[in-house]
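Subject: structure for you to look at

Hi,

Here is the structure I promised to pass on. Have a look, and my notes on what I found follow below.

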Amino acid sequence: MKRSLFGRIWPNATAVVLFIGFVFPVYWMIATAFKPTGDIISEDPVWFPADITLEHFKTATGADNFWTFVTNSLTVTVLAVVFSLVIALAGSFALARMRFRGRRGFIIGFMLAQMAPWEVMIIAMYMIVRDASMLNSLVPLTAFYTMMILPFTILTLRGFVAAVPAELEESAMVDGCTRMQAFRRVILPLLAPGLMATSMFGFITAWNEFALVLVLNKDAEAQTLPLWLTSFQTVFGNDWGATMAASTLFAVPILILFVFLQRRAVSGLTAGAVKG
């Protein structure tokens, strides 16, 4: 009886501790964003702010080039996700349906590309962009973000394509569809969970990326929101209220995306990890 009771309690207790550990930093960020400055710099931490202010959000959104940063971030992120999905659909179909020499090597190569830290190539990326006279441009950022997202997208979608019975596609072709029509009408609708999962991963990756834009785009007109978060650190100190407000606003698009895609994204990540 005692062992059975202990066996039920300790997993739940562990889950609660982990939940608190993951959620508390998010709560502290949001709470700090709404605290008056006096509560933020107080020696005694204010766990639950009694007074709420929106002054820090006004400071954050009133920063120079704020809306330019927003536009640039949305542009490069959305384009990178769209381009990676279009390319990955063709690549994943080829890896899942076709048998050709070197196929296994291609798959291993994608896995290695996904595991390798792209930061080791940042100097080479800078030299390529510099020699092409494309510094301070959104085009290289979009291209590099697409390449960063692509390996994971192809590997995940490959699992979904492999899970779709080939007989469905063959039946559609017998009924008069071309291979492209069969793919568009039969396979593509069944790939919706995988498309949702990979698009969420790609969006988060491109949205949060900081180092590459810092190196390639020195002009404020070509920078993105991650650099906006650093604008509240000055030689006189850090404006923690504005920083936390900016961080809260920065996380809002990802939270909105997750709310809308939650079910399909979770099922997509699970299915894509075990199938194919």
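Helices α4 (residues 66-97) and α10 (residues 192-208) pack at an angle of about 140°, with their axes 9 Å apart, and are therefore oblique to each other. That label goes to whatever is left once angles under 35 degrees are called roughly parallel, over 145 roughly antiparallel and 65 to 115 roughly perpendicular. Axes here are lines fitted to C-alpha atoms, for helices over the stretch in contact, with angles running from 0 to 180 degrees between N-to-C directions. The crossing of α4 and α10 is right-handed (the near helix is turned clockwise from the far one by less than a right angle). On the α4 side, the contact (heavy atoms within 4.5 Å) uses S73, L74, T77, V81, L85 and L89, while α10 brings L195, T198, S199, G202, F203, A206 and W207. By type, that contact has eight nonpolar residues, five polar and no charged; Ala, Val, Leu, Ile, Met, Phe, Trp, Tyr, Cys and Pro count as nonpolar, Asp, Glu, Lys and Arg as charged, and the others, Gly among them, as polar.

Before going on: this is a predicted model, where local features need pLDDT of at least 70 and side-chain atom pairs count only at pLDDT 80 or more, while totals for chains, interfaces and linings use all residues. Residues are numbered from 1 along each chain as its sequence is written, and side-chain values use heavy atoms, leaving out hydrogens and water. Helices are DSSP runs (H or I, at least four residues), numbered from the N terminus.

α4 also packs on α7 (residues 138-163). Their axes come within 6 Å and cross at roughly 35°, again with a right-handed crossing. The residues of this contact split into 20 nonpolar, seven polar and two charged. One to click on is T142 in α7, which touches V76, L79, A80 and F83, leaving aside residues up to four places away in sequence. T142 counts as buried because its relative accessibility is 7% (buried is under 20%, exposed over 50%, with a 1.4 Å probe and protein chains only).

Then there's α6 (residues 122-131), whose buried residues are I122, M125 and V129. They sit on the same side of α6, because they cover an arc of only 55° around the axis, taken from the directions from the helix axis to the C-beta atoms. Their cover includes α7 and α11 (211-216). The face turned away from that buried side carries the exposed I123, I128 and D131. Just after α6, S133 has a positive phi of about 55°.

Cheers

Terms used. Helix = DSSP H or I, 4+ residues; strand = E, 2+ residues; numbered from the N terminus.
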